[in-house]
Structure formats: C-alpha cells, structure tokens
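Here is a friendly note for someone opening this entry for the first time. Have the viewer ready and follow the points in order.

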Amino acid sequence: MKSKMFLVLLAMFVLASPVFAQETAASADRPFITITSGIAMALASGLCALAQGKALGSSAEAIARNPGAGNVIRGALILGLAFIESLALFTFVVIAAKF
Amino acid sequence: MGHHELWFTELLNNYFAAPAQAVLNLFGVHAANPDRPWVNFVAMEILVALVIVVLFAILKSRLSVDKPGKLQHLFELVYLFQRQQADEIIGHDGRKYVAFAGTLFIFVLFGNLIGVIPSFESPTMFAPVPAGCAMATFLVYNILGFKENGAHYLKHFTGPIPWLTPLMLPIELISHLARPMSLTIRLYANMVAGEKVTLVFLALTYFAVPVVFMGLHVFVSLIQAFIFMVLTMIYIGGAVSHEEH
C-alpha cells in the first residue's frame with residue numbers, strides 16, 4: 001500500500017517537471033509588479049476566505065436552528081458566496097491588467 | 001487562451017471572411033488581420049447562438065401535453081425556476097420580464113459551459129461578450145423604468161429628500177454606471193480564473209487533479225449564469241417598482 005502511494009507521488013513529481021523548466025520573463029524589467037501583485041492577491045483571497053467563512057458559519061448556524069428554512073438560506077448563501085468571491089476576482093483582474 | 005484559431009473560427013474565416021469585412025467596414029473598425037477578420041470569441045458567440053436556436057427549434061417541434069419528453073421536462077424545470085425567481089424578486093407581474101432575463105441566463109450558461117468541451121472556448125472568457133450582455137441589461141432596465149414610471153423614474157436618482165438632490169444625484173449616477181461594469185467583470189473574471197486554475201494544475205501534473213478543478217469550473221459556470229439572471233431581475237425590479245408616497 002505504501003509503495004503504491006510512493007509510486008503515485010513519484011509519477012506526479014516526474015510529470016510536474018515541466019513547471020520547473022518554465023520561467024516567466026514577462027515582467028523582468030518591473031520587478032515590483034510581481035511582489036505587489038502577489039501581496040495583493042494574498043490579501044484579497046485571505047480576506048475573502050474570512051468573509052466566506054463568516055457567511056458559511058452563520059448560515060450553518062441558521063440552518064441548524066431552523067432546518068425548515070434550509071432551502072431559502074442555502075440559496076442566499078450560494079448567492080452571497082459568489083458575490084464575495086467576485087470581489088477577490090476583481091483584484092485578480094486588476095493584477096492581470098497590470099502584469 | 002491561445003492565439004491559434006479554433007476549428008470553427010477557421011471555418012468562418014475560410015468561407016465568411018468577406019461579410020465580416022463588410023460589417024466591420026460599416027462601423028469603421030479595422031481587423032488586426034484583414035484576410036482573417038473573425039476572432040475566436042465572436043465565432044464562439046455565434047456558435048452558441050446557433051446551438052441555442054437549433055436546440056429550441058427541436059424542442060418546440062417536440063412539445064406535447066400528453067407525452068412530454070425528457071428535453072421538455074428539463075426545460076420546463078428551467079422555465080419554472082426562472083419564473084419562480086422572477087416572482088420572488090420582481091414580484092407583481094414579474095413574469096413579463098422572464099423573457100429577457102431568462103434568455104440572458106440561457107445564453108450565459110451555454111457560453112460558459114461550451115468551454116468545457118475540448119476544441120471549444122468559452123466566449124464569456126473575453127470581456128467584450130459579457131460587456132455586451134451587461135450593456136443590454138443596462139439599456140433594458142432603464143428603458144423599462146421610463147416606460148413604467150414615466151418621468152417619475154428620475155426620482156429614483158434624486159433620493160428621498162429634495163434638498164439632498166445635489167448630493168444624491170452623482171452618487172446614484174455613479175452607482176448605476178458601475179452596474180454594467182461589475183456585471184461584466186464578475187462574469188469574465190470568474191471564467192478566466194476557472195480556466196487559469198485548471199491550466200496551472202495541468203502544468204503541475206496531468207494526474208487526475210485538474211479534473212477536480214474542471215468540475216469546480218462547471219459549478220461556477222452554473223452559479224455565474226444564475227447570478228447574471230438574478231442581478232438583471234433585481235435591476236429591472238428596482239426600475240419598474242412604483243414608489244409609494
């Protein structure tokens with residue numbers, strides 16, 4: 001069992017080798033773009049995760065209190081999650097436009 | 001996201017280059033490559049529209065009250081869902097507006113999902129296509145607002161108290177102008193991000209992992225089409241509502 005797992009991991013690692021060969025030279029002349037876009041994306045997705053966690057937590061609580069309203073709450077939850085996620089994606093678009 | 005031509009674009013470029021040139025010249029636009037004016041997303045957009053027209057032509061010819069087929073059941077479910085949303089969001093005679101919002105839903109949904117099939121590309125992955133849908137929404141809800149409320153529609157922009165108008169007017173105008181922009185960016189960023197995540201994991205490994213993200217992409221496609229429809233309905237509902245005084 002363990003050796004099989006090892007083989008799978010090895011296969012994944014070998015197949016992953018193309019990624020080490022690739023180097024992005026797109027923004028070599030503007031090094032700060034890379035740093036700032038990394039930090040921006042980290043902030044955006046971190047805060048987005050916090051907000052989504054809060055939304056998910058309170059909706060789970062609400063469904064636990066009142067399972068009858070589950071469908072309505074679930075619909076509102078999915079809608080809200082998509083809105084929160086799109087805020088992180090706005091950051092992504094700004095980065096993609098500046099990169 | 002490559003710059004190569006998909007097979008459908010190639011087909012259009014080989015046989016329909018002249019009409020596209022004529023249309024582009026009509027609007028004074030010059031294609032980057034004059035011999036091959038079709039670009040991928042326009043070609044895919046037309047393909048999606050064709051697929052929808054053909055599908056619904058088949059569906060219409062098969063409609064029956066006694067023995068509804070599987071296709072009819074499926075689209076009845078879709079229609080009932082849209083109608084229920086319209087009733088909930090727009091409320092009183094919201095069903096009039098299902099035609100517009102529901103068509104947008106079907107178009108965006110098909111446009112999102114066609115990217116999952118190999119050798120095709122989502123037209124919604126490129127900003128002009130969602131921007132077109134968003135501008136259509138913008139025009140429609142403003143026109144409907146004027147049609148339903150007449151000049152009273154302008155009161156939506158001036159706020160509740162007369163002397164606050166100089167403050168409220170710019171805020172309302174900017175927030176209304178931001179609506180098509182946020183609709184556009186939300187849809188196209190979601191599509192691009194889904195594709196990019198799959199690509200990154202494909203570069204990492206070919207082993208099973210990217211499939212998970214493609215599944216996620218399908219889910220996101222459904223949700224984004226739904227959100228586009230819901231927002232369209234919310235905007236229309238806000239514009240046509242009669243303010244109680």
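This is a predicted model: local features need pLDDT of at least 70, side-chain atom pairs count only at pLDDT 80 or more; totals for chains, interfaces and linings use all residues.

1. Helix α3 (residues 40–62) of chain B and helix α5 (residues 98–113) of chain B have axes that come within 10 Å and cross at roughly 120 degrees. With that angle, α3(B) is oblique to α5(B), and the crossing is right-handed. On the α3(B) side you will find V48(B), V51(B) and I52(B), which meet I106(B), F107(B), F110(B) and G111(B) of α5(B). Sorted by class, this contact has six nonpolar residues, one polar residue and no charged ones.

2. Now step back to chain B as a whole. Its secondary structure consists of nine helices and zero strands. The C-alpha atoms of chain B occupy a box of roughly 60 × 55 × 40 Å along the principal axes. Chain B has 245 residues, and 30% of them count as buried. Among contacts in chain B with a separation of 6 or more, 66% join residues 24 or more positions apart.

3. Next, look at α8(B) and α9(B), whose axes are 9 Å apart and pack at an angle of about 175 degrees. How are the two helices oriented, roughly parallel or roughly antiparallel? The angle is over 145 degrees, so α8(B) is roughly antiparallel to α9(B). The residues of α8(B) in this contact include L183(B), L187(B), V197(B) and F201(B), and those of α9(B) include F213(B), L216(B), V220(B) and F228(B). By class, the residues of the contact divide into 14 nonpolar, five polar and one charged.

4. The loop between α8 and α9 (209–240) of chain B holds A208(B). Although A208(B) is not a glycine, its phi is positive, at about 60 degrees. Most residues other than glycine have a negative phi. A208(B) is exposed, because 9 other C-beta atoms lie within 10 Å, and the cut-off for exposed is 12 or fewer.

5. S119(B) is not a glycine, yet it has a positive phi of about 75 degrees. With 7 other C-beta atoms within 10 Å, S119(B) is exposed.

6. Please also visit helix α4 (residues 70–98) of chain A. Which residues of α4(A) are buried? They are E85(A), S86(A), A88(A), L89(A) and F92(A). These buried residues pack against α3 (31–65) of chain A together with α8 (165–204) of chain B.

7. That brings us to where α4(A) meets α8(B). The axes of α4(A) and α8(B) are 9 Å apart, and the packing angle is about 75 degrees. This makes α4(A) roughly perpendicular to α8(B). From α4(A), the contact is made by S86(A), L89(A), F90(A), F92(A) and V93(A), while α8(B) brings I185(B), R186(B), A189(B), N190(B) and A193(B). The contact of α4(A) with α8(B) has seven nonpolar residues, two polar and one charged.

8. Is G159(B) partly exposed or buried? With 16 C-beta neighbours inside 10 Å, G159(B) counts as partly exposed. Leaving aside residues up to four places away in sequence, G159(B) touches L164(B), T165(B) and M168(B). The C-alpha atoms of G159(B) and E172(B) are 8.3 Å apart in space, with the two residues 13 apart in sequence.

9. Finally, turn to N13(B) in helix α1 (residues 7–15) of chain B. N13(B) has 18 C-beta neighbours inside 10 Å and therefore counts as partly exposed. Not counting residues up to four places away in sequence, N13(B) touches E5(B), R36(B) and W38(B). N13(B) and P166(B) are 153 residues apart along the chain, and 53 Å separates their C-alpha atoms.

Conventions
Residues are numbered from 1 along each chain as its sequence is written. Chains are lettered from A and ligands numbered from 1 in the order in which they are written. Axes are lines fitted to C-alpha atoms, for helices over the stretch in contact, and angles run from 0 to 180 degrees between N-to-C directions. Helices (H or I, at least four residues) and strands (E, at least two) are DSSP runs, numbered from the N terminus. Angles under 35 degrees count as roughly parallel, over 145 as roughly antiparallel, 65 to 115 as roughly perpendicular and the rest as oblique. A crossing is left-handed if the near helix is turned anticlockwise from the far one by less than a right angle, and right-handed if clockwise. Two residues are in contact if their C-beta atoms, placed from the backbone, lie within 7 Å. Ala, Val, Leu, Ile, Met, Phe, Trp, Tyr, Cys and Pro count as nonpolar, Asp, Glu, Lys and Arg as charged, and the others, Gly among them, as polar. A residue is buried if 20 or more other C-beta atoms lie within 10 Å of its own, exposed if 12 or fewer, and partly exposed in between; C-beta atoms are placed from the backbone.
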